[in-house]
Amino acid sequence: MSSFAIDRARPMLATGLFSAVLFFAAPLHAQQCTVMPAQVKLGETLRITCPAEFPSAKLNERSAQLYLQPDGKRFGLLPISVKDTPGTFSLAISRSGSGAPQTLRVVIRKTIFPSQNVKLAPEIEALHSTPEEMALLTTFRDNISETRSWADPLEAPVSGCMTSPFGVRRLHNGKPTGDYHGGVDQRTPEGEAIRAVAGGTITFAKQFNVLGNAVGIDHGQGLESMYLHMSRLVVAPGATVQRGEILGYAGSTGRSTGPHLHWVLYVNGVNVNPAQWVKLQPCSGAAKKR
Ligand SMILES: [Zn+2]
């Protein structure tokens, strides 16, 4: 080990003067921001950690607030949408006061999502959201608490395998819907308890035409979750829940073809892939066609 260290020391001496010049030319901020992962797939979430003087980050047209954490650093979530364009981009992290922003390179990788046809009975396909329901969901996505109630790792809301992954391009009775699967479906027997993936505050717990009996939770600092098609709800809006607390019981209400749990994670109002956050086993052979 020591001989290796000596061999390495010679070329480093030669470059030492040059790097010393670079070091003093740059501002003396040893601590810098980091982004994880630096290569991200569509539907994944960037996690940005910075010293306290960096309050926000921006990638293309999407901004994310970085919140002060108990350890004195800032942390924030920036979602990559299924509809974003793959490529190499600059993540600009602004510094408070007159300091220069920091720029980090982010690679959004090409991501292939399968297609899936869902057979719906005519009376189920005819269900549509009301303007009031749409407005409530928009308000939910747009309003997120600044208090962080979530911590890693999140807990899967049910234990069943995944019958439909995130991002699948959806066809209804063979016709493309132009939309993608914005969450994951997990297999559940009717009546199985559905649990909060993290602590938070219940924003809504009510019956919707398409979503069925649904619950939305604000986990704070960018993260929200939503649970659909339940047979019965046992929480009320405004209530505080802990990770793992029962929200209701599995069912097949709304636009659903059988008992299952469809759940959704939002980061700053954008649907993100829950499989990046929670370990989910695909059901064997069920991921592509059903
Ligand atoms: Zn679903």
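User: Which residue stands opposite Leu261 in β22?

Analyst: Strands of a sheet pair through backbone hydrogen bonds, either parallel or antiparallel. In this structure, Gln186 is the residue opposite Leu261 in β22. Strand β14 (residues 184-187) and β22 run antiparallel and are joined by four bridges. Strands here are DSSP runs of E with at least two residues, and helices are runs of H or I with at least four residues, numbered from the N terminus. Two strands count as paired if DSSP finds at least two bridges between them. The model is predicted: local features need pLDDT of at least 70, side-chain atom pairs count only at pLDDT 80 or more, and totals for chains, interfaces and linings use all residues. Residue numbers start from 1 along each chain as its sequence is written.

User: In which sense do strand β18 and β22 pair?

Analyst: Strand β18 (residues 223-230) pairs with β22 in the antiparallel sense, over six bridges.

User: How many residues lie between β22 and β23 in their hairpin?

Analyst: There are two residues between these strands, and Asn268 in the turn has a positive phi of about 50°. Strand β23 (residues 270-272) runs antiparallel to β22, with three bridges joining them. Val270 in β23 stands opposite Val267.

User: Are the faces of β22 covered or uncovered?

Analyst: In a regular strand the side chains alternate between the two faces of the sheet. Both faces of β22 are covered: His260, His262, Val264 and Tyr266 are buried on one side, and Leu261, Trp263, Leu265 and Val267 are buried on the other. A residue is termed buried if 20 or more other C-beta atoms, placed from the backbone, lie within 10 Å of its own, exposed if 12 or fewer do, and partly exposed in between. Eight of the eight residues of β22 (residues 260-267) are buried, so the strand is largely enclosed by the rest of the structure.

User: What is the count of buried residues in α3?

Analyst: The count is zero among its 12 residues, and α3 is hardly covered. Thr138 has its place in this helix. Thr138 is exposed, with 11 other C-beta atoms within 10 Å. The C-alpha atoms of Thr138 and Gly269 are separated by 8.4 Å, although these residues are 131 residues apart along the chain.

User: What span should helix α3 have?

Analyst: The expected span is 1.5 Å times one less than the number of residues. For the 12 residues of α3 (residues 131-142) this gives 16 Å, which agrees with the 16 Å between its end C-alpha atoms.
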